[in-house]
Structures are given as C-alpha cells and as structure tokens.
Protein chains: 2
Amino acid sequence: MANSPNKESTGSRTASSLKVINDKPGNATAKTKAAQSAAGNNDTEARPTLKTIAYMTNLAVTTVSRALKDAPDISAPTKARVRLVADQIGYRPNRAGIRLRTGRTQVISLVISLEEEVMGITSQMVLGISDVLSDTPYHLIVTPYSQQQGPLEAIRYICETRSADGVIFSSTEPDDERVRYATAHGMPFATHGRTDMGIQHPYHDFDNTKFTLEAVSRLAAKQRRNLLLLSPPASLNYYRHCIAGFNQGLREHGINGHISSTLDTSAKLDEIEAMIKDLLSGPDRPDGIICTSGSSAIGVIAGIEQAGLTVGKEVDIVSKQSISLLSKIRKEVGTINEDVRNAGRQLATAVLRSIDGEAPENLQSVEYPDMPSTDLPSPDLPSHDPQSKD
Amino acid sequence: MANSPNKESTGSRTASSLKVINDKPGNATAKTKAAQSAAGNNDTEARPTLKTIAYMTNLAVTTVSRALKDAPDISAPTKARVRLVADQIGYRPNRAGIRLRTGRTQVISLVISLEEEVMGITSQMVLGISDVLSDTPYHLIVTPYSQQQGPLEAIRYICETRSADGVIFSSTEPDDERVRYATAHGMPFATHGRTDMGIQHPYHDFDNTKFTLEAVSRLAAKQRRNLLLLSPPASLNYYRHCIAGFNQGLREHGINGHISSTLDTSAKLDEIEAMIKDLLSGPDRPDGIICTSGSSAIGVIAGIEQAGLTVGKEVDIVSKQSISLLSKIRKEVGTINEDVRNAGRQLATAVLRSIDGEAPENLQSVEYPDMPSTDLPSPDLPSHDPQSKD
DNA sequence: AGTAGTTACTGTAACGTTACAGTTCCGCAC
DNA sequence: GTGCGGAACTGTAACGTTACAGTAACTACT
C-alpha cells in the first residue's frame with residue numbers, strides 16, 4: 001500500500017533556492033562538485049535527496065544514509081542532527097534509488113482474476129491489506145490476470161521482473177502450481193486458502209469445514225432432512241473442506257443430502273437461478289440449501305421464488321457471506337460471516353513477516369467467526385525503519 | 001496495473017552462463033570491462049539487462065536502448081537483430097532504472113478511503129482500471145487514506161514523492177481541494193464525478209440528474225405521489241445533480257416529494273433502516289423512495305419491512321445499483337445501473353491520455369445506461385512502445 | 001579535393017541509493 | 001614513541017537506464 005502520507009512530512013519546504021555559500025575547504029575535488037549540484041539543485045522545486053542533507057549538514061552522503069538508518073558507526077549527535085535536517089526539509093527516500101540499488105521494491109502484489117468478482121470480496125481484501133501496509137513503507141499493487149493467460153503467468157511475471165517483494169493470491173488449489181513456482185523462485189507469498197501439496201507456506205484460510213458443519217446443524221435444527229450443497233468449484237482446495245463438513249454434518253444428524261454436481265458457485269447467477277428452479281420442481285427436492293458463497297445465494301433465492309416457493313417455508317438457506325447483505329435483505333436466510341477484510345490483514349501480515357524471514361509454519365492461520373482466528377502477531381519490521389518510509 | 005505478463009516473454013532463458021569468448025579487439029578499455037561484467041553476469045540466474053544484449057549483439061548499451069525504442073537513428077537491420085536477441089533472452093526493462101533516470105514511474109494510483117465501501121464498488125473500479133492498464137506498461141497502486149488524515153494527504157503524498165504518473169480518485173466535491181492541489185502540482189489525474197470550480201480536468205461521471213429524473217418518472221408511473229429522495233452526502237458534488245433531477249421530475253409530474261435532511265447514503269445500514277421505519281410510521285408517509293446508492297436500498301427495504309409494509313405494495317423503490325444484486329434478490333425494486341467497471345475504464349483511459357498531454361476538455365465523459373457513454377477513444381500511448389512493456 | 005551533411009553508431013554522465021573499502025584521529029598499551 | 005584498535009567518518013563504485021554530446025565513415029555538393 002502506499003503507506004499513508006506520514007507524520008514527519010509536515011515540512012513541505014524544499015531545499016530549493018540554496019546558493020553555494022559554504023564550500024568545504026578541506027577535501028577538495030569531489031566534495032565541491034557535490035556541494036554545487038546539491039545546492040544548485042534545480043532552483044525550481046526539486047525533492048531533497050541525501051545529497052541535499054549531506055550538503056546542509058556538511059557530511060558525506062554515505063554518512064547521512066547511514067545516520068538515517070540508525071547504523072552503529074554514526075555518533076548519536078550526528079544522527080540527531082541529520083534527522084532534524086531531514087525532517088525539516090521533508091526528506092523522503094527515493095524509491096527508485098533504493099529499488100535499483102538494493103533490489104527491494106517495497107511492494108506487495110495482490111493477484112486477482114479479471115473475471116472473478118464475488119460481491120466486493122476484492123474490495124474487502126484490498127482494504128484489509130491496506131490496513132496493515134499503511135503503517136509500513138510498502139505499497140500495494142493489484143496485478144490482475146485474465147483467463148486466457150492463466151493465474152500462473154501473473155506470478156511468473158512478478159518473479160521474473162522482481163516487481164514485488166511479496167505476493168498474495170487466492171483461489172488456491174490442492175496442488176497449486178503458483179505455490180510451487182513462488183516457492184521455487186524464493187518469492188515470499190501468502191495464500192488465501194490452504195493447499196495440500198507438502199509444501200509449507202504462509203496462508204490464511206476460513207474454516208469451511210466448520211462452516212458447512214454448522215450450516216447442516218442449523219438446517220437440521222429446522223427439521224430439514226434433504227440438503228443440497230452448492231459447493232465451490234471442485235478444483236479449489238476448499239471444495240474438499242466444504243464437502244468434509246457437509247458429509248460429517250449429514251452423518252451426525254442422520255439426514256440426507258447431496259452435492260450439486262452440475263453447479264457450483266462459479267456459475268452465473270442466472271444459471272444458478274435456473275438450475276435451482278429446476279431442482280425444486282423435480283422429485284426428491286431439497287428442503288435446505290447451503291451456499292458456499294454470498295453471491296450464489298442471491299441466485300438460489302431467485303430460483304426458489306421462480307419455483308413458486310418461499311425461503312423459510314418450503315426451503316431454508318444457510319449461506320456464507322462476506323458482507324452483511326443477505327442477512328439484512330433476507331432475514332430468513334441463515335448466514336455465517338467470513339471476514340475477508342480480516343483475511344487481508346492476516347495475509348498482509350504473513351507476507352511481511354515472511355519477507356523478514358519468519359518460517360512459514362508460523363504464518364498460517366485459520367479463521368472461524370465464533371472461534372476467533374489464530375491471530376498472527378503484528379509484524380515487527382526490523383529491517384525497515386518506520387521513520388524512513390517514503 | 002501490472003501489465004499482464006506479456007507475449008514476448010516466452011523465452012525464460014537467461015544469458016546466465018555465458019563466458020567471455022568474443023572480446024571486441026577494437027576499442028579497448030571500457031568495452032572489455034562491460035563485456036566481462038555482462039558475460040560474467042552472475043552465473044546464477046541474473047535478469048538480462050541492456051548490457052547483456054549489448055554484449056551479445058556487440059553493440060553499445062545506448063544503441064541497444066535506442067534500438068528497442070525504435071529510435072530513428074538506428075538502422076533497421078540492427079533494430080531487428082536487437083529485438084530478436086531481446087526476445088530470445090526474455091529481456092524486460094528494469095522499472096527502477098527507468099524510473100530513476102526518467103522520473104516516470106509507470107504507475108497509476110487509485111486513491112480510496114479505508115472506511116468507505118459501498119458494496120464492491122472498489123472492486124469494480126479496480127477491475128475497470130485494470131482492463132485498460134493490462135495493455136500498457138502501467139501498474140495500478142491502491143493508495144488508501146484514513147479518515148483522520150483526510151483525502152488530500154494521499155494526493156499530497158503521491159505528488160511529493162512522485163510515486164505515480166497519474167491519480168484517480170472519487171467522492172468529488174463541488175470545490176475539491178484535491179483537484180486544486182493536483183492541478184497546481186502538475187500531477188495528471190481523473191476524477192470519478194465532476195466538480196464545479198472553474199478548473200477543467202479529466203473526469204468520468206454518472207448522469208445522476210437523468211437518474212433521479214427517471215426514477216421520479218418510474219414512481220410517478222406507478223401512481224406514487226409523495227416521494228422521498230435518499231440523497232448522497234450534501235458535501236459531494238453529485239448531491240446537486242441528484243437534487244436537480246429529483247426536483248425537475250417532481251415538477252414535470254406535478255407530484256410531491258422531499259429530500260431526507262437527516263439521512264444520506266453514507267449512513268450505516270442500521271441507521272437507514274431505523275430512520276425509514278420511523279418515517280413510514282409517521283404522518284404523510286412517502287409512497288416512493290429513491291435510493292442513490294445500492295447499499296442504502298438494502299437498509300431502506302429492511303426499514304420498510306420493519307414498518308410492516310411491503311415493497312411494491314404501499315411503497316415503491318427505485319435505486320441505483322452498481323452490481324446486479326437488488327434486481328435479482330428483490331425484483332420489486334426498480335433499478336438503474338451505474339457501470340462502475342466501465343467508469344474505471346474511462347478514468348484509466350483519461351489519465352493515460354492526460355499523461356500523454358491531451359487537453360482535459362477532451363477527457364471528460366458522462367454516462368447514462370440507455371444513452372451510452374460519450375466514449376473516450378482508446379489511448380494511443382505514443383511514448384511507450386507496447387513491445388517494451390516490462 | 002575539400003567541406004558539409006547524413007547515417008549509424010559510441011561514450012560519458014547522471015538519476016538516488018547503499019555496500020564496501022578505505023581514512024583519519026584519538027586514546028591506550030607496551 | 002611506536003603500534004594497535006576502535007570510533008566516526010569519507011570516497012568510490014555500482015544497480016539499469018537514458019539524455020546528450022560526440023565520432024567515424026560514407027555520400028554529395030561545390
């Protein structure tokens with residue numbers, strides 16, 4: 001995220017119209033030149049650089065650089081002096097300079113699909129990540145991928161061009177090529193959703209097993225005996241979790257249920273509507289439907305009504321939701337919240353800590369509403385001094 | 001946006017393990033050194049740079065640079081040769097190098113509020129912008145601002161640190177300090193929503209006057225005679241547009257209506273629900289409600305039901321919506337769509353063309369569903385060759 | 001034959017930063 | 001009083017790119 005404009009930026013004055021007054025007499029050549037260009041520094045409105053501060057403090061650029069990052073070989077008074085001047089003139093490190101020299105981009109990339117958009121889930125994710133990055137020098141770049149290029153391409157692009165220090169992505173599959181690729185290329189990342197491929201990596205996941213389990217319980221409590229699970233696409237890892245909880249729930253309550261094989265949450269709302277209508281008009285119709293995404297529930301509700309039935313009467317619904325919408329507009333619908341904004345926070349924290357070298361095992365969390373998440377400790381960014389965020 | 005990983009990146013081979021075989025005998029000193037470091041170039045897996053290509057083609061770095069950007073003083077055969085090699089080794093320009101040298105960041109920044117989140121509008125905006133940036137070398141950075149820091153700070157930060165080549169922001173006010181600031185500092189930008197301050201600038205807006213006008217017409221057609229407008233916050237410029245259309249509609253149809261003074265679309269859903277319930281329980285209750293945001297309609301519907309009334313019976317609603325949700329889940333609700341994703345496309349296009357020096361007068365568009373938008377021509381990015389996007 | 005112009009290249013420096021290898025100075029031990 | 005070690009600084013080079021000022025070779029015109 002673009003770190004929010006930071007506190008010490010009060011002084012918006014620039015070291016613009018300085019004239020060469022005070023030329024150091026001692027070490028001649030290079031210093032003189034530096035002083036000139038630092039002082040003559042574009043009389044217009046040039047941003048101050050280390051050179052500017054070096055000139056003003058009568059120190060070498062290196063010294064200023066080291067002073068600002070609190071290096072041990074700079075004396076305390078010098079550090080104080082340098083910081084004072086830096087603050088006064090509103091110095092902000094040049095990201096391009098840092099990036100070129102160190103290779104660190106100070107960028108986290110959120111990779112999303114250009115097609116997918118499940119009811120503002122991306123907004124929530126962006127906001128959550130921003131919550132965390134706001135206090136750091138990191139910027140958030142959103143990198144989309146189109147269907148024809150495939151999700152791996154985006155990751156590959158980021159790795160090849162080293163255009164980010166860390167990546168966040170979702171729609172994880174049990175065996176996810178992106179996880180393999182990023183791991184192999186040493187690119188820190190965190191996934192929204194777990195994988196099942198024997199690679200330890202940072203993730204944050206919603207406990208979909210608990211979710212479907214509870215959904216079954218709620219429907220069972222309403223005397224529903226023939227459930228339908230509208231699952232996520234079978235390719236995604238959390239499909240398995242949803243199934244597991246669903247089946248366990250059915251067993252525990254001794255009721256029937258099946259998983260829609262022709263339909264999943266990735267279908268268009270119109271398709272869902274049509275299919276649900278069909279299903280409800282046929283024999284052996286379900287009396288309870290579990291929706292594993294908030295938007296799919298919209299289609300389901302529409303389908304139910306198309307079939308001439310009423311939610312809460314002939315059929316009950318329990319749905320996941322990531323914004324409190326369904327529960328507002330259709331109080332009859334049972335909802336369980338996935339806090340995607342919090343997921344964003346967890347993921348951002350995890351990537352940052354991963355960048356700082358933390359082991360992946362310590363960067364994994366699973367969330368469930370009433371059993372609040374295994375919170376990750378907030379990242380302590382030792383290598384980047386919060387003062388010097390630009 | 002991170003431009004999507006591009007086509008010519010097929011060759012993921014690197015010029016890694018080249019040995020110094022062919023050292024140019026002619027011009028000695030500098031060339032030899034360059035060749036050595038280009039060839040000895042980190043035997044591990046270093047990204048190819050201009051230097052790598054220069055060594056391979058036996059040309060100077062400058063020549064390679066100019067060849068790749070199709071400069072007129074390079075011969076056609078040389079250009080072809082350079083491009084061939086560049087493609088083969090999968091050369092991608094280093095953004096930090098370019099940024100440092102030229103000051104161009106190849107970044108567009110979308111400034112959003114950390115608090116605001118009106119039902120996935122940010123997602124749509126991000127996707128729309130991405131649609132456009134995908135074909136360019138530009139990346140999309142999302143820069144949030146928190147309430148206490150104020151929206152101007154984010155723009156100021158971007159300008160001061162020159163961390164983007166262009167900015168997109170919304171929630172425009174009639175007299176908007178951000179517009180003034182960005183204009184004064186020569187930072188290209190485009191706003192979602194117009195302003196009214198005598199400054200010409202790129203914008204894309206939804207025609208809210210037409211919207212409220214039509215909303216009134218629709219309600220009048222349903223014999224509604226006492227309307228309520230749930231307006232946006234009065235500080236925003238489109239408040240005025242909404243009012244104008246509303247009043248005009250009332251006049252044209254000779255019916256009554258008023259604008260809620262205590263409530264606007266920025267209120268929490270619960271507040272809206274409570275207020276609407278109150279209003280409907282009081283005397284002179286409205287029989288038609290116009291919602292200027294999709295999410296507020298949710299609250300309104302809830303309020304209506306809380307009051308024991310039914311949407312479509314005692315009260316009708318017409319609402320703006322940015323995703324087809326209301327119209328799905330509550331077919332009784334009249335909806336008019338604002339295509340925010342398209343707004344994102346328009347805005348991105350406008351900023352890019354503004355960066356390319358196009359006059360703001362030519363970068364303004366107003367959209368209305370059935371009277372399709374004054375489409376901006378697609379940007380022709382003359383200065384950045386699509387081939388060389390990294 | 002000499003100059004001017006053109007074409008196609010080359011070389012240098014600079015953008016702002018940091019890694020690393022000095023250098024200077026001082027106090028202290030022998 | 002020479003040497004040593006450490007504290008506190010300095011200088012140089014390099015990251016990859018491009019602007020700009022050459023330069024060499026060749027053609028064309030007087």
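How do the residues of the surface near DNA strand C divide into nonpolar, polar and charged? They divide into nine nonpolar, twelve polar and seven charged, where Ala, Val, Leu, Ile, Met, Phe, Trp, Tyr, Cys and Pro count as nonpolar, Asp, Glu, Lys and Arg as charged, and the others, Gly among them, as polar. This is a predicted model, in which local features need pLDDT of at least 70 and side-chain atom pairs count only at pLDDT 80 or more, while totals for chains, interfaces and linings use all residues. Residues are numbered from 1 along each chain as its sequence is written, chains are lettered from A and ligands numbered from 1 in the order in which they are written, and side-chain values use heavy atoms, with hydrogens and water left out.

**DNA strand C**

- DNA strand C is surrounded by 28 residues, of which A:Ser65, A:Tyr91, A:Arg101, B:Ala60 and B:Thr63 are the closest; a residue is near a strand if one of its heavy atoms lies within 4 Å of it.
- Sugar or phosphate supplies 62% of the atoms of DNA strand C within 4 Å of the protein, and bases supply the rest.
- Polar contacts are pairs of N or O atoms within 3.5 Å; within protein, one must be able to donate a hydrogen and the other to accept it, and residues adjacent in sequence count only if both atoms are side-chain atoms.
- Phosphate oxygens of DNA strand C lie 3.0 Å from a backbone N or O atom of A:Asn94 and 2.8 Å from a side-chain N or O atom of B:Ser75.
- A base nitrogen of DNA strand C lies 3.3 Å from a polar side-chain atom of B:Asp73.
- Elements giving two or more residues to this surface are α2 (50–57), α3 and α5 of chain A, with α3 and α5 of chain B; helices (H or I, at least four residues) and strands (E, at least two) are DSSP runs, numbered from the N terminus.
- The largest share, four residues, comes from α5(A).

**DNA strand D**

- There are 29 residues around DNA strand D, and A:Ala60, A:Thr63, B:Ser65, B:Tyr91 and B:Arg101 come nearest.
- Of the atoms of DNA strand D within 4 Å of the protein, 63% are sugar and phosphate.
- A phosphate oxygen of DNA strand D lies 2.6 Å from a polar side-chain atom of B:Ser65.
- The largest share of the surface near DNA strand D, four residues, comes from α5(B).
- By class, this surface has ten nonpolar, twelve polar and seven charged residues.

**Helix packing in chain A**

- Helices α7 (residues 151–161) and α8 (residues 177–184) of chain A pack at about 10 degrees with axes 9 Å apart; axes are lines fitted to C-alpha atoms, for helices over the stretch in contact, and angles run from 0 to 180 degrees between N-to-C directions.
- α7(A) is therefore roughly parallel to α8(A) (under 35 degrees).
- Residues of α7(A) including A:Ile155 and A:Cys159 meet residues of α8(A), among them A:Tyr181 and A:Ala182, contact being heavy atoms within 4.5 Å.

**Positive phi in chain B**

- Most residues other than glycine have a negative phi.
- B:Ser171, not a glycine, has a positive phi of about 55 degrees and sits in the loop between β3 (166–169) and α8 (177–184) of chain B.
- B:Ser171 is partly exposed at 29% relative accessible area (buried is under 20%, exposed over 50%, partly exposed in between, with a 1.4 Å probe and protein chains only).
- B:Asp284, also with a positive phi of about 55 degrees, is in the loop between α11 (269–281) and β8 (288–291) of chain B and counts as exposed at 63%.

How values were computed. Parallel < 35°, antiparallel > 145°, perpendicular 65-115°, else oblique.
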